[in-house]
Amino acid sequence: MENWESYVRKVVPYVPGEQPDREKMIKLNTNENPYPPSPKVLEALRQLDADRLRLYPEPDCGVLVNAIAQYYGLDSSQVFVGVGSDDVLAMIFQTFFQSDRPILFPDITYSFYDVWADLFRIPYQTKPLDENFRIRKEDYCQRSGGVIFPNPNAPTGVLMDLSEVEEIIAANRDVIVVVDEAYIDFGGVSALPLIQTYKNLLVVQTFSKSRSLAGMRIGFAMGNPKLIRYINDVKYSFNSYTMNRTSLLLGAAAIRDREYFEQTTAKIIQTREWLKQELTDLGFSFPDSKSNFVFATHKSVPAKQIFEALQERDIYVRYFAKERIDNYLRISVGTREEMEQFIHILRQYFASFSFQSKSTACRR
Ligand code: PMP
């Protein structure tokens, strides 16, 4: 007998961080920006003409593509936009990773890569980070079906030097190299200028982190016009209208406000550096982060235990029950006030430990 279930595409989906809806929580679990979108975005939202929602949006996303191109000094033929960088990356996987050879990415990295590879039946090989959670560039200089890595990497926050990124791109001219720069605006150096030299390079960025628009879902890729054309062909074979009118307008307003972007990213970087010092004082260690999160482990208390204790106190951070990183917490950088409260609560929590161990000692 035919069994329909044999013909189901079975996949293990990506699990995003929780989005709890509680009034007084401190949410440090999905690397969102703690600051609101630019006032220019709010203004564009107020001016939105609801009547026009009866019309389809522009399929080529012109208003947003042009605004991004103008911001980065590119031609609009070098820019592709999608529904968050997740959508852009998924399109890229489908478009360029069609080889029988495995694509390469780090063993500890954005955990959507293997999900897309499985979904699209793309063979892949993971390359272990070194003991300091660094990507070893030599691992990516073999023949493969393509290469993808985030810079800075997630969830570690570790930034690779641009010279090393370039070595990987240069060693892979026969396949596509994707540099996922979701967190580049928090102190990294972008590989973007290299798209003029390397026709095999795609740089992917997002409005979800540094531009405070995770809720709008806007991501983009930049690269050689030929690559952008190929991604667009796949997009138009899938859904002509991926981006809605509101996203296009608000996204364009956001990217035009360079000053607000620079102010808010500077504040996050400053708070991150303060947070690193406070965490060190509390007995945490972490690889140096150039992103809007810190990936930290404690010298004596297991990460899972801290994670649960924080959750009981309405503070959400991210914990991955995964080999090599199951004693780490990924802590997004919130406002200075949120982080002061977070540190205060952690300090109280650790103080209760030393009190407990003292009282145990007394009983003995
Ligand atoms: N790449 C990396 C490395 C990420 O951490 C994320 C955030 N989850 C994304 C891409 C996707 O972000 P978005 O779809 O919100 O642009």
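1. Start with the pairing of β6 and β7. In this predicted model, strand β6 (residues 177-180) runs parallel to β7, and four bridges join the two. If you want a spot to look at, take Val-177, whose bridge partner in β7 is Leu-201.

2. β7 also pairs with β8 (residues 219-223), this time antiparallel and through five bridges. Here Gln-205 stands opposite Phe-220 of β8.

3. How many of the six residues of β7 are buried? Six of the six in residues 201-206, so the strand is largely enclosed by the rest of the structure. Side chains in a regular strand alternate between the two faces of the sheet. Both faces of β7 are covered: one side carries Leu-201, Val-203 and Gln-205, the other Leu-202, Val-204 and Thr-206, and all are buried. Gln-205, then, is buried and also the residue set against Phe-220.

4. Zooming out, the protein chain has 10 helices and 13 strands. Its radius of gyration is 22 Å, close to the 21 Å that the globule rule gives for 364 residues, so the chain is as compact as a globular protein of that length. The C-alpha trace spans about 75 × 55 × 50 Å along its principal axes.

5. Among contacts with a separation of 6 or more, 73% come from residues 24 or more positions apart.

6. As for the surface, the chain exposes about 17800 Å², with carbon and sulfur atoms supplying 49% of it. There are 43 positive and 46 negative charges, and their mean positions are 1 Å apart.

Key: Residues are numbered from 1 along each chain as its sequence is written. This is a predicted model: local features need pLDDT of at least 70, side-chain atom pairs count only at pLDDT 80 or more; totals for chains, interfaces and linings use all residues. Side-chain values use heavy atoms; hydrogens and water are left out. The radius of gyration is taken over C-alpha atoms; the globule rule is 2.2 Å times the number of residues to the power 0.38. Contact means heavy atoms within 4.5 Å. Accessible areas come from the Shrake-Rupley method with a 1.4 Å probe; for residues, only the protein chains shown count as cover. Lys and Arg count as positive and Asp and Glu as negative; His and the chain ends are not counted. The place of a charge is taken as NZ of Lys, CZ of Arg, CG of Asp or CD of Glu. Buried means under 20% relative accessible area, exposed over 50%, partly exposed in between (1.4 Å probe, protein chains only). Two strands pair if DSSP finds at least two bridges between them.
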